[in-house]
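Trainee: Could we go through this one together, a bit at a time?

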Amino acid sequence: MIAEIGLAALWLGAALAVLQLLGGFLGAREQGSELTPLVRPAAMLQALLCAVSFGALVYAFAVTDLSVELVATHSHSMKPLAFKLSGAWANHEGSMLLWITVMALAGGLIALIEHRLPSRMMMATLGAQAFVAVGFYLFILLSSNPFKRLSPVPADGNGLNPLLQDMGVSFHPPTLYIGYVGLSVAFSFAVGALLTRNVTPEFARVMRPWVLGSWIFLTIGIAAGSYWAYYELGWGGWWFWDPVENASLMPWLAATALLHSASVLAARDALRTWTIMLGVIAFSMSMLGTFLVRSGILTSVHAFAVDPERGSFILILLALYIGGALVLFALRASTIAEGERFALFSREGALVVNNVALSSILGIVLLGTLYPLLTEAFDVRVSVGPPYFNPVSAIFFLPMLAILAVGPLLRWRTDSFRRIRLPVIIIAVVTIAVLALVLALTEIGILPLLGLAMSVGIAIASFMPLRGRNILRTPLPIWGMCVAHFGVAVALFGVAADTAFQQERLVAASPGDVIEIGPWEARMTSVSPVAGPNWTAMQGDLLVSYEGGPVRDAHPQARSFWAPQGETSEVALLTRWNGQLYVALGNMADDGRWQLRLWWKPFVTYIWYGGLLIAFGGMLALLGRVIGDVRRRSAELREDRRRADEAELAAS
Amino acid sequence: MKRLRYTLWIVVGFAAALFGLFAYQLSQPKDDFVESAMVGQPMPAFDLPPAVESRPGLSRADLADGEPKLLNVFASWCIPCAAEAPQLDALERAGANIVAVAIRDRTEDVDRFLAAYGNPFTRIGKDDISEVQLAIGSSGVPETFVIDGNGVITYQHIGDIRADDVPMLLEELRKAGS
Amino acid sequence: MIRWLIPMLAALAFIQPVSAQDRMPPAPYAYTQLDDPALEEQARELMHTLRCLKCQSQSIADSDAPMAGDMRHQVRTRIAAGESPDQVREWLISRYGDYVSYEPQVSATTWPLFVLPIVLLVLAGTVLMRRIGRRKGDDAVDDAA
């Protein structure tokens, strides 16, 4: 029954989306439409219906209702409750339902609170939002129904892939989804602005919190995904440039560029066309990522949702929305008046460099990811991996970091070097000093070397915009920028330090053996079997100490799951402020010794601390913007009331 | 402004080309065979000990004795290898000389496998570290190579041999002999 | 990695199925480092740029697949025998084609990969140069004002 309610709510939501689509686009015309008053309620009601539908699916998973096919194929009665719940979205159908739910909630929220923009533009925006939503409703209802019943009801479910039975990964996909879908809101605003020829700073201010919000979620999602890969895969790698990772990186790059260009548009009414373009591209990258991952076009061996029908469906949606928006853009772009001008040596100039660099990196990641697909069409197979992506993206990344250090010090419109000479000299001297020091003390590659030096320079530079400001009265968005830029420095430091200084030990050890790695000493005491709720494991017991300090336990496991079958490596991580010791247990060799893999990874955790700082900076900025909006709105309200009072006085 | 318009239409064209590529690739059957670059090349030097007592081992010299052969790369732990056993029998009955390399396999397991599924092989080399497999550009089991009388690889078949592959392999073997 | 994709795909990509696995011990140098740290470092760097042919988007340095272990053994033994990393890469490419190497070489099939960054640099330069040109115009206006 619950499943039928979920399905019915979804159909009703789809019907409302059609209403919103018609009402929105008709209402965007000069003459308006009778449907206009219905558009906002339709959006809000949809949010409610989708929430009900998603709730129904989560309920089915919580009680392991095996008569629902999705539950039977992806869950198991013996699974811990948390993973039963996360099973609801850890599959194709459930994740698409999550997608449409987040989208409906975002649409409902805009309809509820956003009253700053001209009505026609709002109608066009909500119409565009519904246009995108209708496609996804159809996709779910016609080819990915999560509520399909199964008959006869099986005795138990298939279970969830063991690698996914992990808290990190349970919340990682929804995080990224919210980011992806948030960009659909930016897309709708961009289409709305194009349709009503209304590319204004006000539009940028309204769109910005949505971009900021989805960018925060994308940042957290990518950082979490990277950490998950790091500890779950058992080989110490945290970024592989594989197509699926790239699929999540591309929207982030576009969103980062959009965030910065929207700031220019909001503050200075410049970069109008470019901001619209990025709005379209950012969502295109979300859709493209979904397509690449879902269609199986790039991941051939592992049949997850590799279904040509689904792939074709997403491709049609992709072509319709992205192709449509690009054509609309090409037709309308020349009618957008050019924005305010500015000198190259100005805040805007620095942000243009940032945008050009980010877009170039996006172009490289896009080409590198799709190139094997292209050559395959000609029966040639090639691989593009880290040896290509690392240096080529660095060509654009390093200059961008240099500008990141200086840009925030510049004034809007035009500035002179003389004014910022002192801070620039300080940053340059520090950077060069670190460079010289590292060069003198160690022998490391050029990229890690530059990374280390620049990370220190940027760390100092990131707080320089606070110079000469009253700390207590500095607006939150400025703080947000400083923290986020500092986060970039921290993450860069972690990446460079781990790349340059990590140490690796692969040994076959028996109990009693002592292994030395870097400053660590590890003594293996025993290997014994342990059992969990749906797995058994061999667990290694090690006593480790850092430079002869206190002894700590490490328990790496090699786990075997039985529902479904699979093996994972649970690594032991010993975290210190200056890095992590990473211990993985392998198989038993013929002579009874156990394979152990150990890495000492100096400052590796800074990569994810940096990612979290970047996201935290985004949150500060978002908070600042929202508070600012609320204040402005209540001030306007007071002003209106005052005027009304005056009018009354005058009348009496 | 005009220049901007052109640029934008180029972007639209690029997107269209991309969608076209996706559509084309979606319609293509997806195979992930990694073809060997050694087809047309002479077999590299190797010398493997016998995998079972009943058959001799395999070396480069055995493959350059003037008679074209099929070289089957298999393993007892590989399920498709069992599935292709009847086809190998059919090839043997049709007169093919089939030699084999057992990948990462124990003698007792290979014996059990041959007892269960038949033994069409004249020689079986034991390759515990996939050295021959890597040397001839094979990326999995089972794979079947056609080797001519001079020890040159003339054809590679990836995956298990289906019934309708048998005549094709015999034809390849005939070509290698002529 | 991605997948709501990312995690899911990655999971599928990296999981080790229990069935159809051999029972042989790994090759000697699959999980054992070379004694010479300099040679091991060369081997390690090389292994990170070679594709595991049995896995999805993983290098042989990141995989538990038996074939990846055997490939690591080949790499380490060849490096230990005095071959340079480039020679080992060439040896594998002559067996499996360019697909086995994550480091694309400039060739008739890969040149666009190397042309694009140059095109992007030129484009970026052009965009910025046009801004500089414009600044001069603005300065003139400022002077006049």
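Mentor: Let us begin with a term: helices here are DSSP runs of H or I with at least four residues, strands are runs of E with at least two, and both are numbered from the N terminus. Please keep in mind that this is a predicted model, in which local features need pLDDT of at least 70 and side-chain atom pairs count only at pLDDT 80 or more, while totals for chains, interfaces and linings use all residues. Residues are numbered from 1 along each chain as written, chains are lettered from A and ligands numbered from 1 in the order of writing, and side-chain values use heavy atoms, without hydrogens and water.

Trainee: OK, which helix gives the most to the nonpolar patch?

Mentor: That is α2(A), with 4 residues, although α1 (2–27) and α2 (36–62) of chain A each supply at least two. The patch consists of Met1(A), Ile2(A), Ile5(A), Leu45(A), Leu48(A), Val52(A), Tyr59(A) and Val63(A), which together have about 750 Å² of accessible area (Shrake-Rupley, 1.4 Å probe, only the protein chains shown counting as cover for residues). Its members must have over 30% relative accessible area and no salt bridge, with nonpolar side chains (Val, Leu, Ile, Met, Phe, Trp, Tyr) joined within 5 Å and, in charged patches, like charges within 9 Å.

Trainee: What does Glu40(C) pair with?

Mentor: Glu40(C) forms a salt bridge with Arg76(C), the closest N and O atoms being 3.0 Å apart. Since Glu40(C) lies in helix α2 (residues 37–47) of chain C and Arg76(C) in helix α3 (residues 66–80) of that chain, the pair ties together parts that are 36 residues apart in sequence. Both Glu40(C) and Arg76(C) are buried.

Trainee: Where do chain B and chain C have their salt bridge?

Mentor: The count between those chains is 1, and it joins Asp70(C) to Arg104(B), with the closest N and O atoms 2.7 Å apart. The contact (heavy atoms within 4.5 Å) takes 27 residues from chain B and 25 residues from chain C.

Trainee: How much area do chain B and chain C bury?

Mentor: About 2,000 Å², 57% of it on carbon and sulfur atoms, where buried area is the accessible area (1.4 Å probe) that two parts lose on being put together, summed over both.

Trainee: Last topic: what are the domains of chain B?

Mentor: Chain B is divided into domain 1 (1–30) and domain 2 (47–177), the bounds coming from an automatic or database domain assignment, and 46 Å separate the two centres, taken over C-alpha atoms.

Terms used. A salt bridge is a side-chain nitrogen of Lys or Arg within 4 Å of a carboxyl oxygen of Asp or Glu. Buried means under 20% relative accessible area, exposed over 50%, partly exposed in between (1.4 Å probe, protein chains only).
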